[in-house]
Amino acid sequence: MLKVFLIMFAIGMCLGILLMIANKVFAVKQDGRFEKALSMLPGYNCGACGFPGCSGMVAALLSGDSGTLQCKPCKPEQRKAIVEYLNTEPGPDGKTLNIKSI
């Protein structure tokens with residue numbers, strides 16, 4: 001019985017170490033601006049901008065697929081604050097964006 005316990009413990013330790021190494025090697029760097037920009041939007045997820053919800057629009061802005069903040073229900077001062085934030089806050093690569101507002 002003790003032999004089986006020690007074998008299972010050793011296998012568990014080896015798999016745990018492999019998972020820890022895989023977590024470090026295959027880690028995905030998150031863009032910290034995503035959550036902040038998403039929280040600045042009204043959050044209606046209406047799709048009026050042409051993207052599947054607010055998170056889709058923010059993802060397109062941060063990836064460079066869209067260069068214009070197209071949120072229709074957003075108030076002008078909200079739009080200005082979001083554009084200013086995205087154009088001044090550097091991303092994980094150290095670069096800032098050049099976003100325009102409609």
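What follows is a friendly chat about a predicted model of one chain.

User: Hi! How many helices and strands does the chain have?

Analyst: Hello! In this predicted model, the chain has four helices and two strands.

User: And what pattern does the chain follow along the sequence?

Analyst: Reading along the sequence gives α-α-α-β-α-β. The chain is more spread out than a compact globule, because its radius of gyration is 22 Å, well over the 13 Å that the globule rule gives for 102 residues.

User: What does the C-alpha trace span along its principal axes?

Analyst: About 70 × 30 × 20 Å.

User: What share of the residues is buried?

Analyst: Buried residues account for 25% of the 102 residues. As for the surface, the accessible area of the chain comes to about 7300 Å², and 64% of that belongs to carbon and sulfur atoms.

User: Now contacts. Of those between residues at least 6 apart in sequence, what share joins residues at least 24 apart?

Analyst: That share is 53% in this chain.

User: Switching to charges: how many positive and negative ones are there?

Analyst: There are 11 positive and 7 negative charges. Their mean positions lie 4 Å apart.

User: How many salt bridges does a search of the whole structure find?

Analyst: One. Asp-31 pairs with Arg-33, and the closest N and O atoms of the two are 2.9 Å apart.

User: Is Arg-33 buried or exposed?

Analyst: Arg-33 has a relative accessible area of 5%. Buried means under 20%, so Arg-33 counts as buried.

User: Let's look at Val-25. Which helix does Val-25 lie in?

Analyst: Val-25 belongs to helix H1, which covers residues 2-25.

User: Buried or exposed, that Val-25?

Analyst: Exposed: the relative accessibility of Val-25 is 57%, and the cut-off for exposed is over 50%.

User: How are Val-25 and Cys-54 separated?

Analyst: Along the chain, Val-25 and Cys-54 are 29 residues apart.

User: Where is Asn-45 found?

Analyst: Asn-45 sits in the loop between helix H2 (33-40) and helix H3 (54-63).

User: Great, thanks!

Terms used: Residues are numbered from 1 along each chain as its sequence is written. This is a predicted model: local features need pLDDT of at least 70, side-chain atom pairs count only at pLDDT 80 or more; totals for chains, interfaces and linings use all residues. Side-chain values use heavy atoms; hydrogens and water are left out. The radius of gyration is taken over C-alpha atoms; the globule rule is 2.2 Å times the number of residues to the power 0.38. Buried means under 20% relative accessible area, exposed over 50%, partly exposed in between (1.4 Å probe, protein chains only). Contact means heavy atoms within 4.5 Å. Accessible areas come from the Shrake-Rupley method with a 1.4 Å probe; for residues, only the protein chains shown count as cover. Lys and Arg count as positive and Asp and Glu as negative; His and the chain ends are not counted. The place of a charge is taken as NZ of Lys, CZ of Arg, CG of Asp or CD of Glu. A salt bridge is a side-chain nitrogen of Lys or Arg within 4 Å of a carboxyl oxygen of Asp or Glu.
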